[in-house]
Amino acid sequence: MVERSSSMKNRIVTIVSMIFLAVLCFGGCGNTELEERNFPLAAAVTLTKENYQMAFGFEQLKDVADEKSEKENTSVLLAEGKDCMELFLHADGENPGEMDYNHLKALILNRSLLEDEKRLGAFLGYLEEENLFSRNTLLFVTEDEPDQVMEMDTVLKEPVGTYLNERIASDERFKDSEAVTLGSLFRIWENENENLWIPYINCAEDKMILEKYYLMQGRMAAGKVDRETGELALLSEQKMKSYSISLEDAESVTLSNLCCSYAFTEQNGQVTETVTIKADGKYQGNRELLQKTKHRD
């Protein structure tokens, strides 16, 4: 009886030891794998006559963990392929380390891709089928080349993905749920009656400019519009929490608690939509000072 108990005890000790060693081994491997992974923060995609092209901006995990590191993007025109599978296989093959897209903050699509319905549909279908990028990845449009977009991190002094995420998050005029994301593009691809006003990026020498919008009407690329037109459209669609109107002489009115109502009228076979907006208004300016200034002039 004592001998059997001792044998059982030895077996238990052996099993526990094996489990402990396995945990140590796997834990060590896991850490090594994490350090060798690349976590893209932004991806820019365009079309050539024959291929898709894609560039990434990312930080390696070892740089993120190292407070002394400069933490700049590693920006390379990373991948090219005649179809989406070849594009992402090229990205995995050319880049040292494994690509991990879980931290992607911004997807920047070139106008050429948006205006090619067939190839855009193939790209979106591949992303959705392979579940590569999160649906809440912020969406942008540009006419600049992918490598040019990714190289902006040296001007911005921070990764492009982080910069764009902060720009959208800090704009308090928009409702939180109305940020334009990859999921928004998936949605209008299925529901073609919806408009999508995508922030438009222009890369200048010393800054990244977001002052326009690109309109997608369902699957149709309608084109670029100025910021005022885009924001008025977003206002009419009740996607903004507040809206500012600039007046003369440094005066302005900020509208909040916005409520829109719609009416349709028909005349001579033509239908007109009238949007009525009710809101609280807050005036900003100094009328008395302005009146004195005008009087002295």
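Residues are termed buried when their relative accessible area is under 20%, exposed when it is over 50%, and partly exposed in between, with a 1.4 Å probe and protein chains only. Helices (H or I, at least four residues) and strands (E, at least two) are DSSP runs numbered from the N terminus. The structure is a predicted model, in which local features need pLDDT of at least 70 and side-chain atom pairs count only at pLDDT 80 or more, while totals for chains, interfaces and linings use all residues. Residues are numbered from 1 along each chain as its sequence is written, and side-chain values use heavy atoms, with hydrogens and water left out.

The chain holds 11 helices and 11 strands. Of its 297 residues, 37% are buried. Contact is defined as heavy atoms within 4.5 Å. Among contacts between residues at least 6 apart in sequence, 61% join residues at least 24 apart.

Helix H9 (182-190) is largely enclosed by the rest of the structure, because seven of its nine residues are buried. These buried residues are Leu182, Gly183, Ser184, Leu185, Phe186, Ile188 and Trp189. Their cover includes strand S4 (106-110), H5, S5, S6 and S7.

Helix H3 (residues 84-94) has Cys84, Leu87, Phe88 and Ala91 as its buried residues. Seen down the axis of H3, these fall within an arc of 85° and so line one face of the helix, the arc being that of the directions from the helix axis to the C-beta atoms. An α-helix has 3.6 residues a turn, so residues three or four places apart point the same way. On the other side of H3, Leu89, Gly93 and Glu94 are exposed. At the start of the helix, a side-chain oxygen of aspartate 83 reaches to within 3.3 Å of the backbone nitrogen of methionine 85.

The largest pocket contains about 870 Å³ of space. It is lined by 37 residues, of which Asp171, Arg173, Phe174, Tyr213 and Glu231 are the closest to its centre. On a 1 Å grid over the protein atoms alone, a pocket is an open set of points where a 1.4 Å probe fits, with protein on both sides within 12 Å along at least five of seven lines; lining residues have an atom within 4 Å of a point. Grid points are joined across faces, edges and corners, and the volume is the space filled by probe spheres set on the points. At least two lining residues each come from strand S5 (138-142), helix H8 (160-170), helix H9, strand S6 (195-203), strand S7 (208-217), helix H10 (227-236) and strand S9 (242-246). H10 gives the most, with five residues. The lining divides into 17 nonpolar, five polar and 15 charged residues. In this division, Ala, Val, Leu, Ile, Met, Phe, Trp, Tyr, Cys and Pro count as nonpolar, Asp, Glu, Lys and Arg as charged, and the others, Gly among them, as polar.

Glutamate 231 belongs to helix H10 and is buried, with a relative accessible area of 7%. Its side chain is joined to that of arginine 173 by a polar contact of 3.0 Å. A polar contact is a pair of N or O atoms within 3.5 Å; within protein, one must be able to donate a hydrogen and the other to accept it, and residues adjacent in sequence count only if both atoms are side-chain atoms. Beyond its neighbours within four places in sequence, glutamate 231 is in contact with Arg173, Phe174, Tyr213, Met240 and Tyr243.

Tryptophan 197 lies in strand S6 and is buried at 9% relative accessibility. Apart from residues up to four places away in sequence, tryptophan 197 touches Val180, Tyr213, Tyr214, Leu215, Val225, Gly230, Ala233, Leu234 and Glu237. With glutamate 237, tryptophan 197 forms a side-chain polar contact of 3.2 Å. Tryptophan 197 and lysine 212 are 15 residues apart in sequence and 9.4 Å apart in space, C-alpha to C-alpha.

Asparagine 131 is found between helix H5 (117-130) and S5 and is exposed, with a relative accessible area of 61%. Glutamine 238 is placed in the loop between H10 and S9 and is partly exposed, at 31% relative accessibility.
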